[in-house]
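Please keep the sequence and the 3D view at hand while reading.

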Amino acid sequence: MHELLTIDLGPGFNGFRGQVDGRIVCVATPRVEHDEQARRAVQDLITRQGGDCAACRACVVGKHA
């Protein structure tokens, strides 16, 4: 199972990807809900960290990938 957590950590935060108990957990700015540029920034970041949003499609970022 994959999960997306959204949290506002200020304008300099886009997101990151991690693992908890074998599950992929992505943390992203709430801007991903309505801002395509923010979604792309998070998707690029997750890709650089070994993830594939287009394959996952478990959240708003993946659904727009």
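A residue is called buried when its relative accessible area is under 20%, exposed when the value is over 50%, and partly exposed in between. With a relative accessible area of 35%, Gln49 is therefore partly exposed. The model described here is a predicted one.

**The loop between H1 and H2**

Gln49 sits in the loop that runs between H1 and H2. Apart from residues within four places in sequence, Gln49 is in contact with Phe16 and Arg17. Gln49 and Pro11 are 38 residues apart in sequence, and their C-alpha atoms are 21 Å apart in space.

Gly50 belongs to the loop between H1 and H2 as well. Is Gly50 buried or exposed? Its relative accessibility is 60%, so Gly50 counts as exposed. From Gly50 to Ile7 there are 43 residues in sequence and 21 Å in space, C-alpha to C-alpha.

**A buried loop residue**

Thr29 is located in the loop between S3 and H1. Because its relative accessibility is 1%, Thr29 counts as buried. Leaving out residues up to four places away in sequence, Thr29 touches Thr6, Ile7, Phe13, Asn14 and Ala38.

**Two residues with positive phi**

Most residues other than glycine have a negative phi. Asp21 has a positive phi, near 50 degrees, and is not a glycine. Asp21 is found in the loop between strand S2 (15–20) and S3. Its relative accessible area of 77% makes Asp21 exposed.

Arg57 also has a positive phi, of about 55 degrees, although it is not a glycine. The loop between H2 and H3 holds Arg57. At 39% relative accessibility, Arg57 is counted as partly exposed.

**Salt bridges**

Side chains of opposite charge can pair when their charged atoms come close. How many salt bridges does a search of the whole structure find? The search finds 2 salt bridges, and they are listed below.

| Salt bridge | Closest N and O atoms |
|---|---|
| Arg23 and Glu3 | 2.3 Å apart |
| Arg40 and Glu36 | 3.6 Å apart |

Arg23 forms a salt bridge with Glu3. This pair links distant parts of the chain, since Arg23 is in strand S3 and Glu3 is in strand S1, 20 residues apart. Arg23 is partly exposed at 31% relative accessibility, and Glu3 is partly exposed with a relative accessible area of 28%.

Arg40 forms a salt bridge with Glu36. Arg40 and Glu36 are 4 residues apart in helix H1, so about one helical turn separates them. Arg40 counts as partly exposed, with 45% relative accessibility. Glu36 is partly exposed too, at a relative accessible area of 48%.

**The largest nonpolar core**

The largest nonpolar core has 10 residues in all: Cys26, Ala28, Val32, Ala38, Val42, Ile46, Cys53, Cys59, Val60 and Val61. S3, H1 and H3 are the elements that give two or more residues to this core. Which element gives the most to this core? H1 does, with 3 residues.

Val61 is one of the core residues. Setting aside its neighbours within four places in sequence, Val61 is in contact with Val32, Arg39, Val42, Gln43 and Cys53.

**The largest pocket**

Rolling a probe the size of a water molecule over the atoms shows where empty space is left. The largest pocket has a volume of about 170 Å³. Its lining is made of 17 residues, and those nearest the centre of the pocket are His2, Ile24, Cys26, Cys53 and Cys56.

Several elements take part in this lining. Strand S1 (2–6), strand S3 (23–28), helix H1 (36–48), helix H2 (53–56) and helix H3 (60–63) each supply at least two residues of the lining. S1 gives the most, with 3 residues. Sorted by class, the lining has 10 nonpolar, 3 polar and 4 charged residues.

Cys26 and Cys53 lie among the residues nearest the centre of the largest pocket, and Cys26 and Cys53 are also part of the largest nonpolar core.

Conventions
Residues numbered from 1 in each chain as written. Predicted model: local features only at pLDDT ≥ 70, side-chain atom pairs only at ≥ 80, totals over all residues. Heavy atoms only, no water. 1 Å grid on protein atoms, 1.4 Å probe; cavity = no way out; pocket = protein on both sides within 12 Å on 5 of 7 lines; lining within 4 Å. Points joined across faces, edges and corners; volume = space filled by probe spheres on them. Nonpolar A, V, L, I, M, F, W, Y, C, P; charged D, E, K, R; others polar. Salt bridge = Lys/Arg side-chain N within 4 Å of Asp/Glu carboxyl O. Buried < 20%, exposed > 50% of the residue type's maximum accessible area, 1.4 Å probe, protein only. Core = buried A, V, L, I, M, F, W, Y, C linked by side-chain atoms within 4.5 Å. Contact = heavy atoms within 4.5 Å.
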